[in-house]
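Please read the points below with the model open.

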Amino acid sequence: VMARGLDRPRLALGWVQMLLCGAIAWAAYTLALSLPFWPIDPSIATSPWYNFPLDLARAFWVVLPASILWGASFPLALASVATKGQDPGRLVGGVYAANTVGAIVGAIGGSLLMVTWLGTQHSQQALIILSGLAALLVLEPLQSSTEPSAARSSWAGMIPIVLGAVVAALLARNVPPIPKLLVAYGRYAATRAHQNIDVIYMGEGWNASVAVTRLPGGVLNYHNAGKVQASSEPQDMRLQRMLGHMTTLIPKSPKKVLVIGCGAGVTAGAVSIDPYLEHETIAEIEPLVPSVVSTYFGDHNFNVIKNPKVHVQLDDARHYLMTTKEKFDAITSDPL
């Protein structure tokens, strides 16, 4: 409705991009400092349907402002480039094509490159800066135009633009980092907020965010996607080492073994110390797990990654099994 009735839709488009700087900063703030610490324990719900409306509300709380503004950008962009007598099909097709290319680049760049290379905090800062630059690219030509309808005074028109750019820069500068406790415990972060838990490592990888924590008693935990996947607790060590030893004790000649998933490396470590073993392959989908996480458990996994008999295959294990020409005497996987 606004796009059809505005006299200067390009001006509205520019200010929508400027407002996006604030909306992205809002999302960054709520993700880091508000949402993880809402006083809610999802585990007490007796049905997943009780958690679903809450999850929906969380999503709206974070992304709705930016979603509305980004959604408004498309019809405003159409109105901004529309001229009398122009073929509407060609107009819509051109803007739609540009929007589609931008969506593809943004999806690939945001999910696969920016977060992995820059981290969530710096990616959010980059998005704010990009939105601010987009606003300046749209608004600046309006202020430099000599047409009376474009701006009464170029100097007066530049003042709010400059102020908006300064505010956007301040918002980008103050984007908070993602809490380590959130990466470790996910939606249960609030239940752990007042416990004396030391997050000794946190990393955002290609496929998952991982963390290593040390509890007051010295127990180490490996977290993947907000869940404890392995630990140095006696009951976990018994399970993980049993998996490794059964893998090499059951076959008559366990010379070549595949371990699906590295985790803390304890199962792979138990496999590696068998005297009959000649070659061990670990199939792990997230590069940070074998290269960083497993090193924190070196005393528990016999420093398996440094073992010359061990090779790490960075791949989804199912894909690796379906495509490899290698044969193994045994294959093991944590049933978790």
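Is the crossing of α2 and α3 left-handed or right-handed?

1. The model is a predicted one. In it, the crossing of α2 and α3 is left-handed.

2. Helix α2 comprises residues 9-34 and helix α3 residues 48-81. Their axes come within 8 Å and cross at roughly 165°. Angles over 145 degrees count as roughly antiparallel, and α2 and α3 are therefore roughly antiparallel to each other.

3. As for the residues that form the contact of α2 with α3, 20 are nonpolar, five are polar and one is charged.

4. Elsewhere in the model, four strands form an open sheet in the order β1-β2-β3-β4, and their pairing is antiparallel. At the edges lie β1 (198-204) and β4 (227-231), each of which pairs on one side only. From one strand to the next, the twist averages 25°.

5. Strands of a sheet pair through backbone hydrogen bonds, in either a parallel or an antiparallel manner. Here, strand β3, residues 220-224, runs antiparallel to β4 and is joined to β4 by four bridges.

How values were computed
Residues are numbered from 1 along each chain as its sequence is written. This is a predicted model: local features need pLDDT of at least 70, side-chain atom pairs count only at pLDDT 80 or more; totals for chains, interfaces and linings use all residues. Side-chain values use heavy atoms; hydrogens and water are left out. Two strands pair if DSSP finds at least two bridges between them. Helices (H or I, at least four residues) and strands (E, at least two) are DSSP runs, numbered from the N terminus. Axes are lines fitted to C-alpha atoms, for helices over the stretch in contact, and angles run from 0 to 180 degrees between N-to-C directions. Angles under 35 degrees count as roughly parallel, over 145 as roughly antiparallel, 65 to 115 as roughly perpendicular and the rest as oblique. A crossing is left-handed if the near helix is turned anticlockwise from the far one by less than a right angle, and right-handed if clockwise. Ala, Val, Leu, Ile, Met, Phe, Trp, Tyr, Cys and Pro count as nonpolar, Asp, Glu, Lys and Arg as charged, and the others, Gly among them, as polar.
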